[in-house]
Structures are given as C-alpha cells and as structure tokens.
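Here is a short briefing for a reader meeting this structure for the first time. Look over the sequence and the model, then take the points below by topic.

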Amino acid sequence: MKTIAVLTDFSKGAEHATQFALHMAKKMKADVLLFSTCLVPDVHQPVLAGQADLLQETETALFNYGDRMAEILAGRTFPGAYMPEIRMDPDNTDMVDIMTSLMENPEVCLIVTSSGKENDLANFVLSDTCTRLIDWAIVPVLVVPETAPLHNFEKIAFAAQLHEEDINSIAELGTLLESFAAELMVVHLNNKPGNQDIKQAEASLNRDLYKKLNCGGVYFRSIPDTGPHQNWDWLKANKRTDLLAVVQQPREQMTSFFQRGMNPSVTYHLTLPVMILPKKP
C-alpha cells in the first residue's frame, strides 16, 4: 500500500499540510504515516521532569493529533468514500531517525511538510532544515504553504533543466497525473532564446514527452526568461498552476531558481505547493 509520510510540529501550518496530504491520499488511494518533529509540542512548552515523561508526552500528543486530523477529514468526506488509514510513529522523533525509518520503508512514496513558521515557501525550501530533508530523501518531498487550497490538482508545472534525466523525473509524476486527471505543463525558463543548442535540447525533450511517456495532457512550453525582474507569472499562464515540481539541483542552482521572485523593489511569494523530486543517478 502506498504511504504518504507527514512531518508535523503541531503548528497551524503543519495541520494544514497534514490535511493537504490526507486529501492527496484519498485521491491516490494511499495511507498516511505521521511523525512528530519536535520532542515537546509548542502547546506544552515547559520542560518536563524527565526524558521518559517527555517521550510519553510526545506519543500522546501525536496520537491525539492523528485522531483530530481523522475527525476533520471525516467531516469533509462523503459516506462510503475511501478514507486513508492514519498511522503514527511515536518512536522516531529525531530527524536522523525519522529519515532512516523512511528510507527503510519501501511503501513510502512521498514526504510532506509545511513551509515553516514564517510560511515563506521559497525561504523554507532554501533553509538548512529543508535542504537536509531533501538531501536525505529518496522519494519526492512536498512543501505545503498555508495558502494552498484543499482541492484537486488540475494543472501541474514541471520546471525542466534540459538534463537527460528530466524525462525520468517527469515520469515519476505519472501517479499524480492519473489520480487527479491533471494536465502537466513542462516548462523551460530560457534565458538564452537565440541559442541553437538550447533550442535543440528543448526540441529533444518535447519529442521525448510524446514518444516515451504513456499519458495524455502533457505539453511543453519554452518561456523567455530575460527580463530584468524574474518572477512567477509564468505559473499563471492559460490556467493557474496548482503544484510546481522541480528536480533537486546543487545549492547554488536551487538558490537562483527560488530567489527569482525577489528583487529590490518587490518580492513575489510562492503561494502554491512545491514538490522537489530526488535527483536521478
């Protein structure tokens, strides 16, 4: 059974990310596995007497949290509809232990987390916390801001790098496309529109989309990216994007991409979920 792992710190943003994961799990016919990423939830901040009490508190909080998430989900689910099983792992709370457990679990297909207390998705993706999470993960990591609505994906955008492994990474999105009947816009942000080598690489990727992928609703767009102020307006072209997918890149390239919405005069915030796919060997 496919399993979506959710990392929670019991914050409001984490609750929204959990509900987002549960909504996905319903469509994907998957289960959800909850992990606590803080030993003591914010609502119980005073230090407890001993480590045993602290771990007991964490376990109780996680199970109560899971029950509450299940109640909220049931309240917006039609009778007879598929309900994901919600399981809790109270034994692993340290991030190293959590990631070790996830890497050893072949059923885990996705890791979901919120965009942090500041709720700035771009900054969180570039943070040391998220970078370590992405580096460890062998499955996609989905970062969910509180601004992401709980509705079905209609349009997913994939930011291509024109690497040979792009087509394999795009293929990983097949389950999402099928589960949600979503269209996929494969985009290359072209900062050298006149370069013939880039044009040939774009044409090659476009051919691969039709020859190597066995799914409909996939199309390619080369978007000129030469303006003085780079932003995220291309995500709204034709129809608003519901999910942005990117492949993990070296830190410098990730920084360049996610800071594209920041300039001296204005900051364009990312308000949709971002999925970081693991880099193929």
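**Surface and overall build**

The protein chain exposes about 13900 Å², and carbon and sulfur atoms supply 50% of that area. The model is predicted. Its secondary structure comes to nine helices and 10 strands.

**Size and packing**

- The C-alpha trace of the protein chain spans about 65 × 45 × 35 Å along its principal axes.
- Buried residues make up 50% of the 281 residues.
- Take the contacts between residues at least 6 apart in sequence: 80% of them join residues at least 24 apart.

**The sheet**

- An open sheet of 10 strands runs in the order E3-E2-E1-E4-E5-E10-E9-E6-E7-E8, with mixed pairing.
- Strand E3 (86–89) and strand E8 (218–224) are the edge strands, and each pairs on one side only.
- On average, neighbouring strands of this sheet are turned by 25 degrees against each other, direction ignored.
- Strand E5 (residues 141–144) and strand E10 (residues 274–277) run antiparallel and are joined by three bridges.
- Val141 has Ile276 as its bridge partner in E10.
- Helix H3 (residues 95–103) packs on the sheet and touches strands E1, E2, E3 and E4. The direction of H3 makes about 160 degrees with that of E2.

**A buried threonine**

- Thr18 is found in helix H1 (residues 12–28).
- Thr18 has a relative accessible area of 1%, so this residue counts as buried.
- Beyond its neighbours within four places in sequence, Thr18 is in contact with Val6, Thr8, Leu34, Tyr65 and Met69.

**Salt bridges**

- Side chains of opposite charge can pair when their charged atoms come close.
- The count comes to seven salt bridges.
- One of them joins Arg87 and Asp31 at 3.5 Å, N to O. Arg87 lies in strand E3 and Asp31 in strand E2, so the pair ties together parts 56 residues apart in sequence. Arg87 is partly exposed at 24%, whereas Asp31 is buried at 8%.
- Glu183 and Lys239 also meet in a salt bridge, at 3.4 Å, N to O. Glu183 lies in strand E7, and Lys239 in the loop between E8 and E9. Glu183 is partly exposed at 22%, and Lys239 is partly exposed at 33%.
- Asp225 and Arg260 meet at 2.7 Å, N to O. Asp225 lies in the loop between E8 and E9, and Arg260 in the loop between helix H9 and E10. Asp225 is buried at 12%, and Arg260 is buried at 5%.

Definitions and conventions: Residues numbered from 1 in each chain as written. Predicted model: local features only at pLDDT ≥ 70, side-chain atom pairs only at ≥ 80, totals over all residues. Heavy atoms only, no water. Helix = DSSP H or I, 4+ residues; strand = E, 2+ residues; numbered from the N terminus. Buried < 20%, exposed > 50% of the residue type's maximum accessible area, 1.4 Å probe, protein only. Contact = heavy atoms within 4.5 Å. Pairing = 2+ DSSP bridges. Axes fitted to C-alpha atoms, helices over the stretch in contact; angles between N-to-C directions. Areas by Shrake-Rupley, 256 points an atom, 1.4 Å probe, with all protein chains shown as cover. Salt bridge = Lys/Arg side-chain N within 4 Å of Asp/Glu carboxyl O.
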